[in-house]
Amino acid sequence: MAALRVGVLTSSDTRAAGDAEDTSGKALIELAEARGWEVVAYHLLPDDAGRIAGALIQMADEDACDVVFTTGGTGIGPRDVLPETTLGVCDREVPGIGQVIRGESLAITDRAMLSRGTAGQRGRTLIINLPGSEKAVRESFGFVAGVLEHAAEMMAGGGHG
C-alpha cells in the first residue's frame, strides 16, 4: 500500500489566536512523517463547530486524506466541540479507537476519563480525535498508529482476508 495521506486539525481558541504555539499539531505532523506518511493538509482553527466541520469535510472529500487526526476540543469545557462535530460529518462511528486511547491513557493519568474523543469514518477517511496536550498526542498516536494502514486498506475495500 502507498503511504497514508494524512490531515491534521488543531482545535484551540488560544492557539488559533496566536496566544500559544500549536505544539500538538506539529507533533502529529512529525509523528506521521516519521512513519513515512504524507501530511497533505493542516488546519489550526478556533473551537468553532462550523469551521471545524468544513475543514474535516475538505480533508476527507477534497484532499482525499486516509486519516485525519484532530487535537484539542475533546474535554468537557463549554467550547469543546470536536467529538460532536466529528460524528456530525461522519457516516459511521469507529468507537474502538476512542476506547483504546482512553483505556491506555488511564494507566498514565486519571484525567483520561474526562476525554470524550471519538473516531469516525467519512467515506474512505478515518477521523480520529486526540487530546490537546502534546504529551497526550504523542502517547495516543502510539496507541493507534499501528492499525491505521490496515484501516485505510479496509476502507478502500480490501484487507478482509
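How many of the seven residues of strand S1 are buried? Six of the seven are buried, so S1 is largely enclosed by the rest of the structure; buried denotes a relative accessible area under 20%, exposed one over 50%, and partly exposed the range in between (1.4 Å probe, protein chains only). The structure is a predicted model, in which local features require pLDDT of at least 70 and side-chain atom pairs count only at pLDDT 80 or more, whereas totals for chains, interfaces and linings use all residues. Residues are numbered from 1 along each chain as its sequence is written, and side-chain values use heavy atoms, with hydrogens and water left out.

The protein chain contains seven helices and six strands, assigned as DSSP runs (helices: H or I, at least four residues; strands: E, at least two) and numbered from the N terminus. Along the sequence, these elements follow the pattern β-α-α-β-α-β-α-β-α-β-β-α-α. Taken along the principal axes, the box filled by the C-alpha atoms is roughly 45 × 35 × 30 Å.

Of the 161 residues, 47% count as buried. The accessible surface of the protein chain is about 7,500 Å², and carbon and sulfur atoms account for 51% of this area; accessible areas were computed by the Shrake-Rupley method with a 1.4 Å probe, and for residues only the protein chains shown count as cover. Among contacts with a separation of 6 or more, 77% are between residues 24 or more positions apart, a contact being defined by heavy atoms within 4.5 Å. The mean positions of the 14 positive and 23 negative charges lie 2 Å apart. For this value, Lys and Arg count as positive and Asp and Glu as negative, without His and the chain ends; each charge is placed at NZ of Lys, CZ of Arg, CG of Asp or CD of Glu.

The six strands form an open sheet of mixed pairing in the order S2-S1-S3-S6-S5-S4, where two strands pair if DSSP finds at least two bridges between them. The edge strands are S2 (38–45) and S4 (92–93), each of which pairs on one side only. S1 (residues 5–11) runs parallel to S2 and is joined to it by seven bridges, with Arg5 opposite Glu38 in S2. Five bridges connect S1 to S3, again in the parallel sense. Here, Val8 has Phe69 as its bridge partner in S3, and Thr10 stands opposite Thr71.

Strand S3 (residues 67–71) is in turn parallel to S6, to which five bridges join it. Val68 stands opposite Ile127 in S6, while the partner of Thr71 in S6 is Leu130. Five of the five residues of S3 are buried, so this strand is largely enclosed by the rest of the structure. Both of its faces are covered, with Val67, Phe69 and Thr71 on one side and Val68 and Thr70 on the other.

Strand S6 (residues 125–130) is likewise largely enclosed, because six of its six residues are buried. One face of S6 carries Thr125, Ile127 and Asn129 and the other Leu126, Ile128 and Leu130, all of them buried. S6 pairs with S5 (residues 119–122) in the antiparallel sense over four bridges, and Ala119 stands opposite Ile128. The two strands form a hairpin with two residues between them, and Gly123 in the turn has a positive phi of about 60°.

Arg92 is located in strand S4. This residue is exposed, with a relative accessible area of 54%. When residues up to four places away in sequence are not counted, Arg92 touches Gly120 and Gln121. The C-alpha atoms of Arg92 and Asp66, which are 26 residues apart along the chain, are separated by 15 Å.
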